[in-house]
Amino acid sequence: PGGAAAPAPAPAAKPADEWPNDPIDLSVLKAFDADLTASADEVKYNKIKAGKSTVKLTVKDGKLALDLAMPKPGLYQGEGSVNVAINAAQAAASYDIKAKLAGLQAQPFLTDAKDMDTLSGVLNADFAVTGQGTSQRAIVPTLNGGGAVKFADGAIKGIDLAKIARNLEDMGKGTMSLDPSKMMDSMKNMFGGGGASEKTDFTEMGGTFKITNGVLTNDDLALKSPFVRVTGAGKVPMPPREVDYTIKLAVAASAQGQGGSGGGAGIPVNCKGKWSAYDCKPDIKLDPSKMLGGGAAGGALGGGALGGGLPKGLPGMGSGSTAPAPAASSPAPAAPATDTSTGTTQQKPSGGLPGGFKLPGQ
């Protein structure tokens, strides 16, 4: 009575890089005890679908134990098991979760699980993780555990890692000029997004990981392909939702397929930043003094680690390049200056690099 009620205030928007702080209500586990065993012809969890499965559920004194078994081929042509233990009898509930997946067709599984269709192949994975807290934000810093993930005979859509590796090697040899920062934008397609025009086929891809107090660490990522070898190592601090990871790309020395060795140490590509806005950049440093050093290689990139020099297309620089003849109206080049104290002749520096670029001091 007395007029319309005031509209409810809109909920505050959660920053993109924060975990939800909504309380997880597990009071229902204290309301009953249960001991249940069941089987089903089909099990669904959100979009994930499994065929014939069995489940055993026990609830007693606020503690839950759930064991789910999905035999082959009911789980995307493979099999899996999930074991969950929750202790809600304490103020901050504890969680213990284990899972195993074997022989799954990765693309339909990941599409249903994460709306992600960029990875295909046969997936095997297992992990065990524990945590404690009253909300996701409270639980994540307490996560501890580890596991392993492996894909076999598949592809990554939206990125051609062999092409990127060849381009970076060509930069080192001085046969190609491009913008590395723009090229590395496609690295973000490795585990999400991307188009279908490019892809990276592989025979194996995977590694192991460890989680300590919410920080995931991996040091043995490996992708093997007839055309490219990829290794990776780094950290993913989950409480702040950040990534600090380095991927090394190397063109394969030979098309040996699964188990073949790479074609070198690889070119590092560093991926850093927030999950919502991280950058991937090749670790190639340009040394102007070496770039202008001439010589058989016409200078070097990355302190000589990659070899090669400036692109040959720049006139007057790099191995085998030829400077254009000056126009008729151009002033004659300055005569070499003679140092009277030594008797040596020195060439005065020119006005700058081709295209109007200048080095510091010019």
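I looked up Ala148 first: its relative accessibility is 24%, so it counts as partly exposed (buried is under 20% relative accessible area, exposed over 50%, partly exposed in between, with a 1.4 Å probe and protein chains only). This is a predicted model, where local features need pLDDT of at least 70, side-chain atom pairs count only at pLDDT 80 or more, and totals for chains, interfaces and linings use all residues. Residues are numbered from 1 along each chain as its sequence is written, and side-chain values use heavy atoms, without hydrogens and water.

I placed Ala148 in strand E9, residues 144-157 (strands are DSSP runs of at least two E residues, helices of at least four H or I, numbered from the N terminus). I then listed its contacts (heavy atoms within 4.5 Å). Leaving out residues up to four places away in sequence, Ala148 touches Asn124, Ala125, Asp126, Gly207, Thr208 and Phe209.

Next, aromatic pairs. I found two (ring centres of Phe, Tyr and Trp, its six-membered ring, within 6.5 Å; planes under 30 degrees apart are stacked, over 60 edge-to-face, the rest tilted). Trp19 and Trp275 are edge-to-face, at 6.0 Å centre to centre and 80° between planes. They are 256 residues apart. Trp19 is buried at 16%; Trp275 is partly exposed at 33%. Tyr76 and Phe109 have ring centres 5.5 Å apart and planes at 70°, so I logged edge-to-face again. Phe109 sits in helix H1, residues 106-114. Tyr76 is buried at 11%, and Phe109 is buried at 12%.

Last, I checked Arg241. Its charged end sits over the ring of Trp19, 4.1 Å from the centre (CZ of Arg or NZ of Lys within 6 Å of the ring centre and within 35 degrees of the ring normal).
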